[in-house]
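Here is a short briefing for a first look. Please keep the sequence and the structure in view as you read.

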Amino acid sequence: MTKLLSLSEAVSKFVQDGDTVYAAGFTHLIPFAAAHEIIRLGKRDLVLARATPDLIYDQMVAANCARKVIFSYMGNPGVGSLRIVRSAIEQGKLEWEEYSHFGMITRLQAGASGLPFLPMNQTGATDLEKVNPHIKRIPDPYGGKDVIVVPALNPDVAIVHVQRADSDGNAQLWGIIGEQKEAAFAAKKVILTAEEIVDQAVIRSDPNRTMIPGIIVSAVCRVPHASHPSYAQGYYDRDNDFYLQWDKTGESSANVRAWLDEWVYGVKDRNDYWEKLGRETHKRLEVKPRYSDKINYGSY
């Protein structure tokens, strides 16, 4: 059976109410399109895990998709707080579980390795141990100082956006690499969205870029511009204006509802969303040729 599905089909089939969902990507290749599809399909009681929740989980919490967030850093990068997630936590409406960045990645590495936990060096974030009972200290069996251990994280679903993939789900990504590989190997199911679906020969021609093998992928979806307002290296830039505007939007629940009505519920899919952004935004985010693109390296 083909793994090529529409995003709506993939989310309907593989994301169930109550699932633990990990949307991967560190500043880059954040799968906003999949998050919007989850909102449109009315998924509920999700546990949203992510090293850096970013705007993607602010929007999902605003749409009442989540009962809990598991995270390390939480904020609107370069701008300030995630107003919606923070408010929900402060009001006791949203469960939460916090780790350091390295703690979250170590949890994924344990899950990807099939281990129940992994040790890590002691950090300066000792206050996290006081509020998170899952962070424990155990003696070094070889006689050194105590080590921190964190439990494996095995999401029900990992959602990963990449620059290109083939129809079997062999996926290539480049630029800033986050925890995509670890999240995919740790998860029970993987939904892959890609800027392009390419022939297998293209993937085989540059194997060093293949970070995720098709054998662990459940569904492959062609979704251009899936990362906006994040970015995809070589395809479109980060929409910094959007991040600034979202901080203002998040000040009012009425504004947030109006934004969701217009930009998520009010569009059919990512193509409609991108067209609605308009040519001026498209041009502003267009990737300009880099200096290195013009260099003729010749032969040596």
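How many bridges join β2 to strand β3 (residues 66–71)? Five bridges join the two strands, which run parallel. This is a predicted model, where local features need pLDDT of at least 70, side-chain atom pairs count only at pLDDT 80 or more, and totals for chains, interfaces and linings use all residues. Residues are numbered from 1 along each chain as its sequence is written, and side-chain values use heavy atoms, leaving out hydrogens and water.

- Helices (H or I, at least four residues) and strands (E, at least two) are DSSP runs, numbered from the N terminus.
- Two strands pair if DSSP finds at least two bridges between them.
- In β3, isoleucine 70 stands opposite alanine 49.
- Strand β1 (residues 20–23) is joined to β2 by three bridges, and these strands run parallel.
- Valine 47 in β2 stands opposite threonine 20.
- β2 (residues 46–50) is mostly covered, with five of its five residues buried (under 20% relative accessible area; exposed is over 50%, partly exposed in between; 1.4 Å probe, protein chains only).
- Leu46, Leu48 and Arg50 point one way from β2, and Val47 and Ala49 the other way.
- A right-handed β-α-β unit is made by β2, helix α3 (residues 54–62) and β3. Right-handed means that, with the strands pointing away from the viewer, the path from the first strand over the helix to the second runs clockwise.

**Helix α1**
- Leu7, Ala10, Val11 and Phe14 are the buried residues of helix α1 (residues 7–14).
- Seen down the axis of α1, its buried residues fall within an arc of 95°, so they line one face of the helix. The arc is that of the directions from the helix axis to the C-beta atoms.

**Salt bridges**
- The structure holds 16 salt bridges (a side-chain nitrogen of Lys or Arg within 4 Å of a carboxyl oxygen of Asp or Glu).
- Arginine 284 forms one with aspartate 239, their closest N and O atoms being 2.8 Å apart.
- This pair links distant parts of the chain, 45 residues apart: arginine 284 lies in helix α12 (residues 279–285), aspartate 239 in the loop between β12 and α9 (240–249).
- Arginine 284 is partly exposed at 36% relative accessibility, whereas aspartate 239 is buried at 3%.
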